[in-house]
Amino acid sequence: MMNKTIKNYHYYIINEDYTLKKLGVTAPTSEIPILDESEFKALKYSLESNNSPSYTLFKLCELHHEDEISYSFLAKILVNKKRFLVEVFERVDS
């Protein structure tokens, strides 16, 4: 048996009350932004801490102070409550 790492994409949306809803597992598409694990953890923590969307965005932008593309899609996710994917790596036995 060998350990193998598999990459999946978990599909989420932000509800009207700024809670996260998992919609399942899917393949990436060009229209939906993809967050890595650190971005998702920051987003989840901030939303669960009942922070305002602007504060959440500020905290997420601290992760990407030099990356305007990440800032742009994180802003779109929060302001427009857009769908997004989370990149997930899982260890499995094969």
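The structure holds three aromatic pairs, where rings of Phe, Tyr and Trp (its six-membered ring) are paired if their centres lie within 6.5 Å, and where planes under 30 degrees apart count as stacked, over 60 as edge-to-face and the rest as tilted. In one of them, the ring centres of Tyr12 and Phe40 are 4.8 Å apart with the planes at 40°, so this pair is tilted. Because Tyr12 belongs to strand β1 and Phe40 to helix α1, the contact ties together parts that are 28 residues apart in sequence; helices (H or I, at least four residues) and strands (E, at least two) are DSSP runs, numbered from the N terminus.

This is a predicted model, in which local features need pLDDT of at least 70 and side-chain atom pairs count only at pLDDT 80 or more, while totals for chains, interfaces and linings use all residues. Residues are numbered from 1 along each chain as its sequence is written, and side-chain values use heavy atoms, with hydrogens and water left out.

Phe40 also forms a tilted aromatic pair with Phe84, with 6.3 Å from centre to centre and 50° between the planes. As Phe40 lies in helix α1 and Phe84 in strand β4, this pair ties together parts that are 44 residues apart in sequence. Tyr12 is buried at a relative accessible area of 12%, Phe40 is buried at 11%, and Phe84 is buried at 0%; here buried means under 20% relative accessible area, exposed over 50%, and partly exposed in between (1.4 Å probe, protein chains only).

Phe84 leads on to the largest nonpolar core, which has 13 residues, and among these Ile14, Leu43, Leu78, Phe84 and Val86 touch the most other members. The elements that give two or more residues to this core are β1 (3-14), α1 (37-48), α3 (68-80) and β4 (84-93). Such a core is a set of buried Ala, Val, Leu, Ile, Met, Phe, Trp, Tyr and Cys residues joined through side-chain atoms within 4.5 Å.

Lys7 is partly exposed at 40% relative accessibility, and Glu87 is partly exposed at 22%. Glu37 forms a salt bridge with Lys41, where the closest N and O atoms are 3.2 Å apart. These two residues are four apart in helix α1, so about one helical turn separates Glu37 from Lys41, and both are exposed.

Methods
Salt bridge = Lys/Arg side-chain N within 4 Å of Asp/Glu carboxyl O.
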